[in-house]
Amino acid sequence: MCNFYILFSPYLDKYYYGHTCDELSERLRKHNSKHKGFTGKTDDWKLVYFEEYSSKTEAQNRELQVKNWKNRKRVEDLIKK
């Protein structure tokens, strides 16, 4: 199984969208470690939403679909469901 997921950083007040075929807990740990890249700026990322898919391609396509929304309210409505 692969996942499309959304993280939220209260410090940055930002969402991050991603996909992975790894365990979500391990992926979150990597996001919260100090590294180069957008999520390496802070270590307060929380998993706020995820969807399971049977393939990496499906999860990646969903990530791209949500990223293209470019609308915070629409993303927050998805999270509330």
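Predicted model: local features only at pLDDT ≥ 70, side-chain atom pairs only at ≥ 80, totals over all residues.
Which strands and which helix do the buried residues of α2 pack against? They pack against the strands β1 (2-9), β2 (14-20) and β3 (46-53), and against the helix α3 (72-80).

Residues are numbered from 1 along each chain as its sequence is written, and side-chain values use heavy atoms, with hydrogens and water left out.

**View 1. The whole protein has three helices and three strands.**
Helices (H or I, at least four residues) and strands (E, at least two) are DSSP runs, numbered from the N terminus. The C-alpha atoms fill a box of roughly 30 × 30 × 20 Å, taken along the principal axes. The radius of gyration is 12 Å, which agrees with the value near 12 Å for a compact globule of 81 residues. That radius is taken over C-alpha atoms, and the globule rule is 2.2 Å times the number of residues to the power 0.38. Of the 81 residues, 36% count as buried; buried means under 20% relative accessible area, exposed over 50%, and partly exposed in between (1.4 Å probe, protein chains only). The accessible surface comes to about 5400 Å², and 49% of this belongs to carbon and sulfur atoms. Accessible areas come from the Shrake-Rupley method with a 1.4 Å probe; for residues, only the protein chains shown count as cover. As for contacts (heavy atoms within 4.5 Å), residues 24 or more positions apart account for 56% of those with a separation of 6 or more.

**View 2. Helix α2 covers residues 56-69.**
Its 14 residues reach 20 Å from the first C-alpha to the last, close to the 20 Å expected at 1.5 Å a residue. The expected span is 1.5 Å times one less than the number of residues. Look for the buried residues of α2: Ala-59, Arg-62, Glu-63, Val-66 and Trp-69. Seen down the helix axis, they fall within an arc of 115°, so they line one face of α2. The arc is that of the directions from the helix axis to the C-beta atoms. An α-helix has 3.6 residues a turn, so residues three or four places apart point the same way.

Glu-63 counts as buried, at 7% relative accessibility. Setting aside residues up to four places away in sequence, Glu-63 touches Phe-4, Tyr-17, Gly-18 and His-19. Glu-58 is partly exposed, with a relative accessible area of 36%. Although Glu-58 and Asn-3 are 55 residues apart along the chain, their C-alpha atoms are separated by 8.8 Å.

**View 3. The largest nonpolar core has 13 residues.**
A nonpolar core is a set of buried Ala, Val, Leu, Ile, Met, Phe, Trp, Tyr and Cys residues joined through side-chain atoms within 4.5 Å. Phe-4, Ile-6, Tyr-17, Val-66, Val-75 and Leu-78 touch the most other members. At least two residues of this core come from each of β1, β2, β3, α2 and α3, and β1 gives the largest share, four residues. For a closer look, take Ile-6: beyond its neighbours within four places in sequence, its contacts include Tyr-17, Val-48, Val-75 and Leu-78.

**View 4. Asp-13 sits in the loop between β1 and β2, and Lys-14 in strand β2.**
Asp-13 is not a glycine, yet its phi is positive, about 55°. This residue is partly exposed, with a relative accessible area of 42%. Lys-14 is also partly exposed, at 44% relative accessibility. Not counting residues up to four places away in sequence, Lys-14 touches Leu-7, Phe-8, Ser-9, Phe-38 and Trp-45. Lys-14 and Ile-79 are 65 residues apart in sequence and 14 Å apart in space, C-alpha to C-alpha.

**View 5. Lys-70 lies in the loop between α2 and α3.**
Is Lys-70 buried or exposed? At 72% relative accessibility, Lys-70 counts as exposed. Its phi is near 50°, a positive value in a residue other than glycine, and its position is just after α2.
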